[in-house]
Amino acid sequence: MAASFFIDVIVRPRGAARQLSDFDKALGKLDAQASRVARNLDRLFRVAGSSLLVGQFISIIDSYTNLNNKVIASTNSMAEQKAVMDELFNVANRTRVPIEDIATSYQRLRQSTLELGLSQQQVLRMTETLAKGLQIYGATQSEAASTMLQFTQALQKGKLDGEEFRALMENSPPLVKLLTKELKVTKGELFAMSKAGKIGTRDMVAALTKGADEIDRQFARLNPTIGRSLTVLRNNLVRFIGEMAHSSGFAKALSDGILYLADNFETLSKVIIATANAISVVLVGKAIKNLIIALRSLAAAALANPFT
């Protein structure tokens, strides 16, 4: 609860008008000072708003950097890195899925299928088929992202069972149908195979590879939602800002600068404390201004109704 306080103003008839007039002038001077403090506070809020935009800008650069790091870990040359980066953004936009989710799925698919000797193009094609297959049945973005993660986890451990299988059954019947077609079994038999741990990596890869064209045809009939369209817009923004920041060296310079600040935090802490104190003074200044406004109103009322 806000604290309350009262000010008693005693006005004596003799010389009251002159005293109130002097009082008003004094308040006027203090009011001018408090106004300057209030203006500084407004500037502070504007800076805070700018800081929010800067925070979003940095977040986008970090998304691109993380994407770039995943591609570096999954490629062997600069030329291959560039080709994979380009295609990842193409896949993300064709499937209308956040680039971060596509990159994570690609990296997991790549790592879990190394022993199969698949090409980069095959892995990227599987990534696209998986993303599209999860949307055909109407899965939300969060459901699709979760199921993509669980499916790639199944690939990494070498079998589709348990929670991973249940998530696929619930959120993507089209992908389940690809598995039944590849394994030539019914859904019931597929469920029994999953419980026995008999749906392996090769089975999942074969289902995604052979069923890619069918998934493409089904996906082409979907109407994009506004949310999915905005996802494509954000993907392009991540690419534009990310490439600009990295090609100019801005991202590395900013990262190095932040690390330098972190290494010298003890010195900076003194500055932070001083800044906090300054902000406190500004807030107090605004409170004083509000008090002055009330006092000047009281003085004006008294002058308008002088004692005789």
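At what angle do the axes of helix H2 (residues 78-95) and H11 cross, and within what distance do they come? In this predicted model, local features need pLDDT of at least 70 and side-chain atom pairs count only at pLDDT 80 or more, while totals for chains, interfaces and linings use all residues. Residues are numbered from 1 along each chain as its sequence is written, and side-chain values use heavy atoms, with hydrogens and water left out.

The axes of H2 and H11 cross at roughly 160° and come within 9 Å. That makes H2 roughly antiparallel to H11. For such labels, angles under 35 degrees count as roughly parallel, over 145 as roughly antiparallel, 65 to 115 as roughly perpendicular, and the rest as oblique. The axes themselves are lines fitted to C-alpha atoms, for helices over the stretch in contact, and the angles run from 0 to 180 degrees between N-to-C directions. The crossing of H2 and H11 is left-handed, a term used if the near helix is turned anticlockwise from the far one by less than a right angle (clockwise would be right-handed).

Who touches whom here? On the H2 side, the residues are Asp86, Phe89, Ala92 and Asn93, and they meet Val232, Asn235, Asn236, Val238 and Arg239 in H11. Contact means heavy atoms within 4.5 Å. Sorted by class, the contact of H2 with H11 has 4 nonpolar, 3 polar and 2 charged residues. In this sorting, Ala, Val, Leu, Ile, Met, Phe, Trp, Tyr, Cys and Pro count as nonpolar, Asp, Glu, Lys and Arg as charged, and the others, Gly among them, as polar.

Now for the two helices one at a time. H2 has 18 residues, and its first and last C-alpha atoms are 26 Å apart, close to the 26 Å expected at 1.5 Å a residue. The expected span is 1.5 Å times one less than the number of residues in the helix. Helix H11 (residues 226-248) passes the same kind of check: its 23 residues should span 33 Å at 1.5 Å a residue, and its end C-alpha atoms are 33 Å apart, which agrees. The buried residues of H2 are Gln81, Val84, Met85, Glu87, Leu88, Phe89, Val91, Ala92 and Thr95. In H11, the buried residues include Arg228, Thr231, Val232, Asn235 and Val238. Buried means under 20% relative accessible area, exposed means over 50%, and partly exposed is in between (1.4 Å probe, protein chains only).

Just after H11, glycine 249 takes a positive phi of about 85°. H2 is followed by arginine 96, whose phi is also positive, near 60°, and this is a residue other than glycine. Arginine 96 is found in the loop between H2 and helix H3 (99-112), and at 15% relative accessibility it counts as buried. Lysine 184 has a positive phi near 60° as well, and lies in the loop between helix H7 (173-183) and helix H8 (187-195). Lysine 184, however, is exposed, with a relative accessible area of 72%.

Threonine 180 lies in helix H7 and counts as buried at 13% relative accessibility. Leaving out residues up to four places away in sequence, threonine 180 touches Val185, Thr186, Lys187 and Leu190. From C-alpha to C-alpha, threonine 180 and leucine 190 are 6.6 Å apart in space, though 10 residues apart in sequence. Serine 194 belongs to helix H8 and is buried at 2% relative accessibility.

Helices (H or I, at least four residues) and strands (E, at least two) are DSSP runs, numbered from the N terminus. Buried residues make up 36% of the 308 residues. Among contacts between residues at least 6 apart in sequence, 73% join residues at least 24 apart.
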